[in-house]
Amino acid sequence: MTYRTLRVLGDSNTQGYWDEEAYGWFGRLKSKVLTDFPYQYGFHNCAHAGDTIIDVYHRYFSEAMQRGGHYLIISCGTNDLLRRGDQDNNTALSSELSYETWNNILCQAKKDFPNLFVLGVGGALEDCLPFNGGTP
């Protein structure tokens, strides 16, 4: 039997911050997988509330890449959308920097992890977005 490791990077939604049980979707995934495949998987949640793609970039190179594994899930973007276009916020990212950072992480992660999954932010009405449409 081969032991496999699954890691996740992301924000509060991934961490489980707003979950009453502080379990989140990753904790629920862990519970389901361990029920169906006991002692075959290890899990490491590198997600932190408030993280943007820049934070995920740093966490990737300082935590996820260093520890390796078989599976990596990256799920973030809510904080990037919330802060975009806010010129008074020093954590706001331009679309170009966000795109470049995503590209750098994904190019490296494809080399480091045999199985890479990206979960995006759910759909939104363009009228509600803090920027004028366009590609993030």
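**Close-up views of a predicted α/β model**

The accessible surface of the protein comes to about 8300 Å², and 50% of that belongs to carbon and sulfur atoms (Shrake-Rupley method, 1.4 Å probe; for residues, only the protein chains shown count as cover). This is a predicted model, in which local features need pLDDT of at least 70 and side-chain atom pairs count only at pLDDT 80 or more, while totals for chains, interfaces and linings use all residues. Residues are numbered from 1 along each chain as its sequence is written, and side-chain values use heavy atoms, with hydrogens and water left out.

**View 1. The overall fold has five helices and four strands.** Helices (H or I, at least four residues) and strands (E, at least two) are DSSP runs, numbered from the N terminus. Along the sequence they follow the pattern β-α-α-β-α-β-α-α-β. Of the 136 residues, 36% count as buried (under 20% relative accessible area; exposed is over 50%, partly exposed in between; 1.4 Å probe, protein chains only). Contact means heavy atoms within 4.5 Å; among contacts between residues at least 6 apart in sequence, 74% join residues at least 24 apart.

**View 2. Four strands make an open sheet with parallel pairing, in the order 2-1-3-4.** Two strands pair if DSSP finds at least two bridges between them. Strand 2 and strand 4 (115-119) are at the edges with a single partner strand each, so one side of each has no neighbour in the sheet. From one strand to the next, the twist averages 15°. Zoom in on strand 3 (residues 71-75) and strand 4: they run parallel and are joined by five bridges. Here Tyr71 stands opposite Asn115 in strand 4.

**View 3. The structure holds seven aromatic pairs.** Rings of Phe, Tyr and Trp (its six-membered ring) pair if their centres lie within 6.5 Å; planes under 30 degrees apart count as stacked, over 60 as edge-to-face and the rest as tilted. Phe26 and Phe43 are edge-to-face, 5.9 Å centre to centre with 70° between the planes. This pair links helix 2 (residues 24-36) to strand 2 (residues 41-45) across 17 residues. Phe26 is buried at 3% relative accessibility, and Phe43 is buried at 18%. Elsewhere, ring pairs join Tyr57, Tyr60, Phe61 and Phe113 into a cluster.

**View 4. The largest nonpolar core has 14 residues.** A nonpolar core is a set of buried Ala, Val, Leu, Ile, Met, Phe, Trp, Tyr and Cys residues joined through side-chain atoms within 4.5 Å. Leu9, Ile53, Val56, Tyr60, Ala64, Leu72 and Ile74 touch the most other members. Helix 3, strand 3 and helix 5 (95-112) each give two or more residues to this core, and helix 3 gives the most, with four. Leaving aside neighbours within four places in sequence, Ala64 is in contact with Arg7, Leu9, Arg59, Leu72 and Phe113. Another core, of eight residues, lies apart from the largest one and includes Val8, Phe26, Phe43 and Tyr71.

Key: Axes fitted to C-alpha atoms, helices over the stretch in contact; angles between N-to-C directions.
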